[in-house]
Amino acid sequence: MSESVSRRLELRELADDQATLTALEAIEASQAHGLSQSQLIDVLNDDARCVLGAWWQACESSDGESSTAELIGFVVLARGPFEAEIEAITVHAAQRGQGVGARLLAAAIAQARDWQRDSGLERLLLEVRASNAAAAALYAKAGFTRDGVRKGYYPLADGGREDAWLMSLPLV
């Protein structure tokens, strides 16, 4: 019987522990504009937020016994009284182009719809850098529409500022 190596993507809520924080910091270090350690700690400890992680789960045997798991992305979803907001969707730079962002977005939408059934949230909001065409296209494909612009919202490395596009998805 030969052994084969396969992997599958798993999504699950992240725990507030040192291993998770270290993995999140590694993902953020691969980004041009990442969250700080204190911001990551804050989101993991906030009851009004849900943080879902995307893990490559490697299976090294024919019976599916798991051997390793690697956190490669995450989404931060905040619940407000009338709306939910995707505060971040981040995929490790080396893992992009494999559908991980789309899976995280789908999980965030599903969580927001669960919250909507419980408390009547009206819509799901997000902001995206005007220069991030790939993310804007992903959001549009999922049904988000562009509602407005925040001029000069994001800081740039050269000291300039970049616009944020405001997008929303109705939940009702």
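User: What should I keep in mind about the model and its numbering before reading any feature?

Analyst: The model is predicted, so local features need pLDDT of at least 70 and side-chain atom pairs count only at pLDDT 80 or more, whereas totals for chains, interfaces and linings use all residues. Residues are numbered from 1 along each chain as its sequence is written, and side-chain values use heavy atoms, with hydrogens and water left out.

User: How many bridges join strand 5 to strand 7, and do they run parallel or antiparallel?

Analyst: Helices (H or I, at least four residues) and strands (E, at least two) are DSSP runs numbered from the N terminus, and two strands pair if DSSP finds at least two bridges between them. Seven bridges join strand 5 to strand 7 (residues 161-170), and these two strands run antiparallel. Within that pairing, R129 stands opposite A164, and R123 stands opposite P170.

User: Which strand runs parallel to strand 5?

Analyst: Strand 4 (residues 83-91) runs parallel to strand 5 and is joined to it by four bridges, with L126 as the bridge partner of I86.

User: Why is strand 5 described as largely enclosed?

Analyst: Buried means under 20% relative accessible area, exposed over 50%, and partly exposed in between, computed with a 1.4 Å probe on protein chains only. Strand 5 (residues 123-129) is largely enclosed by the rest of the structure because five of its seven residues are buried.

User: What joins strand 6 to strand 7, and what lies in the turn?

Analyst: Strand 6 (residues 145-155) and strand 7 run antiparallel and are joined by seven bridges, and T145 stands opposite S168. The two strands form a hairpin with five residues between them, and G159 in the turn has a positive phi of about 95 degrees.

User: Which residues have the most contacts inside the largest nonpolar core?

Analyst: In soluble globular proteins, nonpolar side chains tend to be buried together. A nonpolar core is a set of buried Ala, Val, Leu, Ile, Met, Phe, Trp, Tyr and Cys residues joined through side-chain atoms within 4.5 Å. The largest such core has 30 residues, and those with the most contacts inside it are L77, I86, V100, L124, Y139 and F144. Helix 3 provides the largest share of this core, eight residues. A second, separate core of 13 residues includes L21, L40, L44 and V51.

User: What does E83 make a polar contact with?

Analyst: A polar contact is a pair of N or O atoms within 3.5 Å; within protein, one atom must be able to donate a hydrogen and the other to accept it, and residues adjacent in sequence count only if both atoms are side-chain atoms. E83 lies in strand 4, is partly exposed at 27% relative accessibility, and its side chain makes a polar contact with the side chain of R123 at 2.7 Å.

User: Is W56 buried or exposed, and where is it?

Analyst: W56 is in strand 2 and is buried, with a relative accessible area of 11%. The side chain of W56 makes a polar contact with the side chain of Q95 at 2.9 Å.
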